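User: Could you take a close look at one part of this structure for me, the sheet and what sits around it? I'd like to follow how the pieces connect.

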Amino acid sequence: LSEFSIVFQNNTAEELESLYLQEQREEFSVCLQGKHENKVYFINSFYQPITYQRTFNHVTFKACDAETLVMLHSHPYKRCTASQTDLETLVQSQQQNPAMVMVVMCEPQRYAVYR
């Protein structure tokens with residue numbers, strides 16, 4: 001992106017793609033961690049937060065911890081647009097970590113990024 005870049009390390013992109021393909025029936029969320037330097041997010045690991053509810057087009061989960069750089073969740077196939085609830089969740093999460101961004105994954109190698 002023109003404002004910043006996200007670089008996936010340690011096979012995290014491949015692991016996310018695999019997770020996406022396994023979980024297409026319901027949305028999922030993950031918290032991506034690593035380092036943020038000079039407008040580059042270096043992602044080297046992720047974890048799945050506690051999930052309260054999952055459906056085909058919605059996921060409710062415990063907030064990612066303060067060390068999370070990217071909050072990622074899936075959407076149904078080819079539907080990458082964030083909902084109002086997604087954007088409100090991002091704003092709330094940025095209160096504990098202003099550098100946090102949100103990514104919506106809607107295909108194995110297709111993402112929408114929100115800041």
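This is a predicted model: local features need pLDDT of at least 70, side-chain atom pairs count only at pLDDT 80 or more; totals for chains, interfaces and linings use all residues.

Analyst: Let's start at Glu-107, whose bridge partner in strand 8 is Arg-110. A hairpin of two residues takes the chain from strand 7 to strand 8.

Stepping back, this pair belongs to an open sheet of six strands with mixed pairing, in the order 1-3-2-6-7-8. Strand 8 is one of its edge strands, and strand 1 (5–8) is the other, each pairing on one side only. On average, neighbouring strands of this sheet are turned by 30° against each other, direction ignored. As background, strands of a sheet pair through backbone hydrogen bonds, either parallel or antiparallel.

Elsewhere in the sheet, strand 2 (residues 29–37) and strand 3 (residues 40–47) run antiparallel and are joined by seven bridges. Here Lys-35 has Phe-42 of strand 3 as its bridge partner.

Now for the helices. Helix 1, residues 12–22, lies across strand 1, strand 2, strand 3, strand 6 (70–74) and strand 7, and runs at about 50° to strand 3. Helix 2 (residues 84–94) holds Gln-92. Gln-92 counts as exposed because its relative accessibility is 55%, and the cut-off for exposed is over 50%. Between Gln-92 and Phe-42 there are 22 Å in space, C-alpha to C-alpha, and the two are 50 residues apart in sequence.

Technical notes:
Residues are numbered from 1 along each chain as its sequence is written. Side-chain values use heavy atoms; hydrogens and water are left out. Two strands pair if DSSP finds at least two bridges between them. Helices (H or I, at least four residues) and strands (E, at least two) are DSSP runs, numbered from the N terminus. Buried means under 20% relative accessible area, exposed over 50%, partly exposed in between (1.4 Å probe, protein chains only). Axes are lines fitted to C-alpha atoms, for helices over the stretch in contact, and angles run from 0 to 180 degrees between N-to-C directions. Contact means heavy atoms within 4.5 Å.
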